[in-house]
Amino acid sequence: MTLDDLSVALRAVRLLSVDFGHLPGPHLHVSTIFPRRVELALHDSRLESLAAFEVWREALGIDPDTVKYVEQSSGCTRVLTGYGEFAGATVELTAFATVPAPAVVGGAG
């Protein structure tokens with residue numbers, strides 16, 4: 001495989017930066033395994049990555065009904081995943097966020 005074989009995904013990355021340069025910066029991944037896919041991942045130990053996911057989801061026109069939610073790491077990490085199309089490439093959008101600890105009700109007495 002050549003770099004030219006990744007041109008669809010790389011073109012999409014270029015256009016994402018032009019059209020959505022004001023949005024939160026994700027981790028970007030382009031691979032020879034899926035040469036027409038761009039993976040955008042948002043990582044945050046707080047819940048800010050979930051808000052950033054929503055901004056990206058809306059910008060990319062990903063239907064909210066198609067977004068998948070799972071928990072991993074024994075329920076410690078929330079994961080949202082959605083797929084869309086942009087500039088001829090499939091865009092996989094994923095957000096990871098720590099599940100907040102439950103609030104302590106009452107106090108030590």
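**Aromatic pairs, burial and the sheet**

A: The model is predicted, and the count of aromatic pairs in it comes to 2.

Q: Why is the pair of Phe20 and Trp56 called edge-to-face?
A: Ring centres must lie within 6.5 Å to pair, and planes over 60 degrees apart count as edge-to-face. The centres of Phe20 and Trp56 are 5.8 Å apart and their planes stand at 70°, so the pair is edge-to-face.

Q: What makes this pair a tie between separate parts of the chain?
A: Phe20 lies in the loop between α1 (7-19) and β1 (27-30), whereas Trp56 lies in helix α2 (residues 48-60), so the pair joins parts that are 36 residues apart in sequence. Both Phe20 and Trp56 are buried.

Q: Which parts does the pair of Phe20 and Phe86 tie together?
A: Phe86 is in strand β4 (residues 77-86) and Phe20 in the loop between α1 and β1, so the pair links parts that are 66 residues apart in sequence. Phe20, Trp56 and Phe86 form one aromatic cluster.

Q: How do you know whether Phe20 and Phe86 are buried or exposed?
A: Buried means under 20% relative accessible area. Phe20 has 14%, so Phe20 is buried. Phe86 has a relative accessible area of 14%, and Phe86 is therefore buried.

Q: What makes Arg37 a charge over the face of Phe34?
A: The distance limit to the ring centre is 6 Å. Arg37 lies at 4.0 Å from the ring centre of Phe34, over its face.

Q: Is Gly21 buried or exposed, and how do you know?
A: Exposed means over 50%. The relative accessibility of Gly21 is 55%, so Gly21 counts as exposed. Gly21 is found in the loop between α1 and β1. The C-alpha atoms of Gly21 and Gly84 are separated by 18 Å, with the two residues 63 residues apart along the chain.

Q: Is Ser49 buried or exposed, and why?
A: The limit for buried is under 20%. Ser49 has 2% relative accessibility, so Ser49 counts as buried. Ser49 is found in helix α2. Leaving aside neighbours within four places in sequence, Ser49 is in contact with Leu42, His43, Asp44, Ala95, Phe96 and Ala97.

Q: Why is Ala87 called partly exposed?
A: Ala87 has a relative accessible area of 32%, so Ala87 is partly exposed. Ala87 lies in the loop between β4 and β5 (89-98). The phi of Ala87 is near 50°, a positive value in a residue other than glycine.

Q: What makes strand β2 largely enclosed by the rest of the structure?
A: Of the 8 residues of strand β2 (residues 37-44), 6 are buried, so β2 is largely enclosed.

Q: How do you know that β1 and β2 pair, and in which sense?
A: Strands pair if there are at least two bridges between them. β1 and β2 have 4 bridges, so they pair, in the antiparallel sense. Leu28 stands opposite Leu40 in β2. The two strands, β1 and β2, form a hairpin with 6 residues between them.

Q: In which sense do β2 and β5 pair?
A: β2 and β5 pair in the parallel sense, over 8 bridges. Leu40 stands opposite Leu93 in β5.

Q: Why are β1 and β3 (68-72) said to stand at the edges?
A: The 5 strands form an open sheet in the order β1-β2-β5-β4-β3, with mixed pairing. β1 and β3 each have a single partner strand, so one side of each is left without a neighbour in the sheet. Neighbouring strands of this sheet are turned by 20° against each other on average, direction ignored.

Methods
Residues are numbered from 1 along each chain as its sequence is written. This is a predicted model: local features need pLDDT of at least 70, side-chain atom pairs count only at pLDDT 80 or more; totals for chains, interfaces and linings use all residues. Side-chain values use heavy atoms; hydrogens and water are left out. Rings of Phe, Tyr and Trp (its six-membered ring) pair if their centres lie within 6.5 Å; planes under 30 degrees apart count as stacked, over 60 as edge-to-face and the rest as tilted. Buried means under 20% relative accessible area, exposed over 50%, partly exposed in between (1.4 Å probe, protein chains only). A charge sits over a ring if NZ of Lys or CZ of Arg is within 6 Å of the ring centre and within 35 degrees of the ring normal. Contact means heavy atoms within 4.5 Å. Axes are lines fitted to C-alpha atoms, for helices over the stretch in contact, and angles run from 0 to 180 degrees between N-to-C directions.
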